[in-house]
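Notebook open, new chain on the screen.

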Amino acid sequence: MFNKHLIPNAQNLQEGKALNIKVAEYDLLITKYEGKLRAYQNLCPHQNKRLHWSSEDSLDDGGDYLKCHHHGALFSPKDGSCITGPCQGAALKKATIGIEKGNYYLLA
Ligand code: FES
């Protein structure tokens, strides 16, 4: 996949917000849940489409769940599992995040 890639502005990401970033050919969603950054591939398990193009719209209105805007699937920001929608029981693929000298990185 990739070795180590800096997540820009990760330190400033707030709970209930998301960042969309592209690393090599992968689109990723970064979100913060219970104070911890979580990263998932931006690829809905229902029809393998991007959840959304915009960071601002990658979560539901309350900022509680990652949301696929194609058919409304909602995913837990804690573990990427689909809690409702056409792919209920499936999950977003996780990516690993590491911290080095205060910076956050995606790791292979
Ligand atoms: S493609 Fe995501 S819910 Fe259908």
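My entries go from the whole chain to the strand pairs and then to the core.

**Ground rules.** I am looking at a predicted model, in which local features need pLDDT of at least 70, side-chain atom pairs count only at pLDDT 80 or more, and totals for chains, interfaces and linings use all residues. Residues are numbered from 1 along each chain as its sequence is written.

**Whole chain.** I looked up the elements and got zero helices and nine strands; both are DSSP runs numbered from the N terminus, helices being H or I with at least four residues and strands E with at least two. The radius of gyration is 13 Å, close to the 13 Å from the globule rule for 108 residues, so the chain is as compact as a globular protein of that length. That radius is taken over C-alpha atoms, and the rule is 2.2 Å times the number of residues to the power 0.38. Along the principal axes, I read about 40 × 30 × 20 Å for the C-alpha trace.

Next I checked pairing, which requires at least two DSSP bridges between two strands. E3 (residues 26–33) and E4 (residues 36–41) run antiparallel and are joined by six bridges. Across that pair, I find Tyr40 of E4 opposite Leu29. Their hairpin has two residues between the strands, and Glu34 takes a positive phi near 50° there. E4 also pairs with E8 (residues 94–100), antiparallel again, over two bridges. Ala39 has Ala95 of E8 as its bridge partner.

**E5, E6 and E7.** What order do the strands of the open sheet take? I read E5-E6-E7, with antiparallel pairing. E5 (66–67) and E7 (82–84) are the edge strands, each pairing on one side only. Between E5 and E6 (residues 74–75) I get two bridges, and Lys67 has Leu74 of E6 as its partner.

**Core.** Buried residues make up 27% of the chain, where buried means 20 or more other C-beta atoms within 10 Å of a residue's own, with C-beta atoms placed from the backbone. The largest nonpolar core has 20 residues, and Leu28, Leu29, Ile30, Ala39, Tyr40, Leu66 and Phe75 have the most contacts inside it. Such a core is a set of buried Ala, Val, Leu, Ile, Met, Phe, Trp, Tyr and Cys residues joined through C-beta atoms within 7 Å. E3 gives the most to this core, with three residues.

**Phe75.** I then listed its contacts (C-beta atoms, placed from the backbone, within 7 Å). Beyond neighbours within four places in sequence, Phe75 touches residues including Leu66, Cys82, Ile83 and Leu92.

Note on methods:
A residue is buried if 20 or more other C-beta atoms lie within 10 Å of its own, exposed if 12 or fewer, and partly exposed in between; C-beta atoms are placed from the backbone. Two residues are in contact if their C-beta atoms, placed from the backbone, lie within 7 Å.
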